[in-house]
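Okay, thanks for coming, everyone.

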Amino acid sequence: MDDPYHNNVNQQMTEGGEYTYTQDGGGQDGYPYQTDYPPQEEDAASDATEGADDDEQMYEGEYQGIPHPDEIKEARRAARLEARRKARLAGQQQEEEEDNLPEQYETIMEECGHGRFQWMLFVVLGLALMADGVDGFVVGFVLPSAEKDMCISNSDKGLLGLLVYVAMMVGALVWGGLCDKMGRRKCLIYVLTIDLVFSFLSCFAQGYGFFLFFRFCSGFGIGGSIPIVYTYFTEFLQMDKRGEHLSWLCMFWMLGGLYASFTAWGIIPHYGWGFSIGSEFQMHSWRLFIFVCLFPALAALVGIIFMPESPRFLLENARHDEAWMILRQVHDTNWKAKGEPERVFTVTNIKTPQTQEDEFIEIQSDTGTAFQRWTVRHVTMLQQVMANIMSLSAPELRLQGLFLLIVWFCLAFSYHGLGVWFPDMIKYMQYEEYESKVRVFHREKVERFHFNFSLVNQIHREGEYIHDKFANIEIKSVKFEDSLFENCYFEDVKSTNTFFENCTIKNTVFYNTDLWQEKFKDCRMENTTFLHPKKGCHLNFQEENDIVIYMVSFLGSLAVLPGNILSALFMDKIGRIRIIGGSMLASSACTFLLLLSFSQGAVICWQCLFYGASVAAWNGLEVISVELYPSSKRGTAFGILNGICKFAAIIASFIFAAFIGITKIIPIFLAFSALVCGGLVALKLPETREKILS
């Protein structure tokens, strides 16, 4: 008869912490763990239990090698604890791998190399930056012509410049935050499209209200380009290339200034290049200039359509497959251009954090009407952007963020303030020189005379003009005070800055002239006739345009070229902090030379010197701003900093312009103080040239 306990029960634990049981052969008699011992006699087995208490009977299965139920429970409890421990270790390991995304991404970018792909992206993003630089000059160049063409008053003229900068400030804040949630490429396409559409419409706006609205919308669009461009390009660069190539990218803003100055110089003075459709629609040369300024933005928009999204943004949002495909594209493009098409992209797995925000949006998008889905999606995105902004006040970012705000504000205040002061000072000097050459005629009496020559820069006081004829002439910067015009005839007269004050006009005819109500101040008219008057404001097609302002802007933009080159070459060698601090302190020293600006030539010379010294600080500041913040907050932080820059420019333009013709000391002192303060604070910022993008 077979032994009923012939098979043993062995316990094994699976990976899930569960136990399975298997039976196999034991010793000679079927008992486990007894193969090394001699067989016992039958009596010996009963002797083993002799003397045992009835209450302390031993577990019967102990002899058959069957585990006690308590032991099984204990073993299962231990297995569960071990499984939890392994899960914790696996979670910690995954977190460490996720935390190592910056190092992993830097390694991938080093494997991809720096080559054709980065240079293509460099040109495309550079054109977008150039478009921003062009827009910064457009209003200033077209305003002298536009104010005559659309009858813009001095107060409205100031409002145009103010609203454009306000729009750029708002655009930087909004698009900087959105590019961290929607993507760099997508937001840049929106930004350039908005700028193109509304800039194009502003070319044809005949009324000042529409022109103001279109330029505001255009500024809102292009204002977001700087935060997006620097954030976008940074995420395609490896650590040892960032400082140099971001500095080269800054040169495109300079090219924007050169392009705007050169085209304005070549187009705006040529009034004959315009055309008109009837009397209501006028397309003068300054409108053609705005149209030509669209070309950089158009070229950038076409180029960015063929560029991929930032893979770092995709990885931050758990879109691994898309990021991997783009990184492989970068790798293959670069190495194929270097003559190594056989090189294989070895990255097979990228560990990134999982995000729940997008899942929430998708869940909500599956319910409700189309409008409700749209509302939920955009409200949620707005909440995410606001949360991102609030997260910049975290303890680890708070202090460096405050330092950056101070440096950005100080540099922008002095740079843009002096940028307004230089051309206005030149205009004031021109005005003083012009006023010094004014000819004054007192109590002249002219009878039966035919004025067939232009009257320029004159003042006529208490004169008498009887039976005189003014025909086919230009009257420029002429003032008639307390004078008498009797039986006179004005025909085909064009006037600029010409006024009649406290004059008496009798039996006089004005035929086809632009002398209308606004030209006569406190005048007494008797039997005066106006035939075919040219009401409103009109451009003077024969007037020579003042090209000095274009030349000043052109030379100022060109002057930053040496500073750009030097900062690009030394950004990674001596560090960002020394570049910023040294450039701002050197610029502050240049401001004292402005006290010696007694001529237009001296002002232009010191302007070029100041711009050349300060551009390195701009380059270093833009580089360190994208390196200090993590990828999920980079666009938001840069947008806020750029918005502060525009805010400082608005304040500075009002303050510095207020002292034109009054004193030079206060503007120079303000610029010097801001530069010294910003330069010293910049020395407190952390160095980032060896920092891996977080």
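Predicted model: local features only at pLDDT ≥ 70, side-chain atom pairs only at ≥ 80, totals over all residues.

Before I point at anything: when I say helix, I mean a DSSP run of H or I at least four residues in length, and the numbering goes from the N terminus. With that in hand, Ile666 is a residue of helix 22, which covers residues 665-682.

Staying with Ile666 for a second, it comes out as partly exposed, at 35% relative accessibility. If you count along the chain, Phe656 is ten residues away from Ile666, and the two C-alpha atoms are 8.4 Å apart.

Okay, the overall picture. We've got a protein chain with 22 helices and 18 strands. It has 694 residues, and 46% of them count as buried. Take the contacts with a separation of 6 or more: 66% of those are between residues 24 or more positions apart. As for the surface, the chain exposes about 34200 Å², with carbon and sulfur atoms supplying 58% of that.

Now, helix packing. Two packed helices are described by the angle between their axes and the distance between the axes. I've got two pairs to show you.

Pair one is helix 9, residues 239-267, against helix 18, residues 560-574; the angle is about 170° and the axes are 7 Å apart. Angles over 145 degrees count as roughly antiparallel, so that's what helix 9 is relative to helix 18. On the helix 9 side, the contact residues include Asp240, Lys241, Trp248 and Met254, and on the helix 18 side they include Val560, Leu561, Ile565 and Asp572. By type, the residues of that contact split into ten nonpolar, four polar and four charged.

Pair two is helix 3, residues 101-112, with helix 13, residues 320-337: here the angle is about 30° and the axes are 8 Å apart. The cut-off for roughly parallel is under 35 degrees, so helix 3 and helix 13 make it as a roughly parallel pair. Helix 3 brings Tyr105, Ile108, Met109, Glu111 and Cys112 to the contact, and helix 13 brings Leu327, Val330, His331, Asn334 and Trp335. That group divides into seven nonpolar, two polar and one charged.

Next up, helix 17. Which of its residues are buried? Val548, Ile549, Tyr550, Val552, Ser553, Gly556 and Ser557. And what covers them? Among the elements doing that are helix 4 (116-149), helix 9, helix 16 (395-436), helix 18 and helix 20 (600-627). So helix 9 and helix 18, our antiparallel pair, both turn up again in that cover.

Let's zoom in on Ser553, which sits in helix 17, residues 548-558. Ser553 has a relative accessibility of 15%, and since buried means under 20%, it counts as buried. Setting aside neighbours within four places in sequence, its contacts are Phe137, Phe141 and Ser261.

Technical notes
Residues numbered from 1 in each chain as written. Heavy atoms only, no water. Buried < 20%, exposed > 50% of the residue type's maximum accessible area, 1.4 Å probe, protein only. Contact = heavy atoms within 4.5 Å. Areas by Shrake-Rupley, 256 points an atom, 1.4 Å probe, with all protein chains shown as cover. Axes fitted to C-alpha atoms, helices over the stretch in contact; angles between N-to-C directions. Parallel < 35°, antiparallel > 145°, perpendicular 65-115°, else oblique. Nonpolar A, V, L, I, M, F, W, Y, C, P; charged D, E, K, R; others polar.
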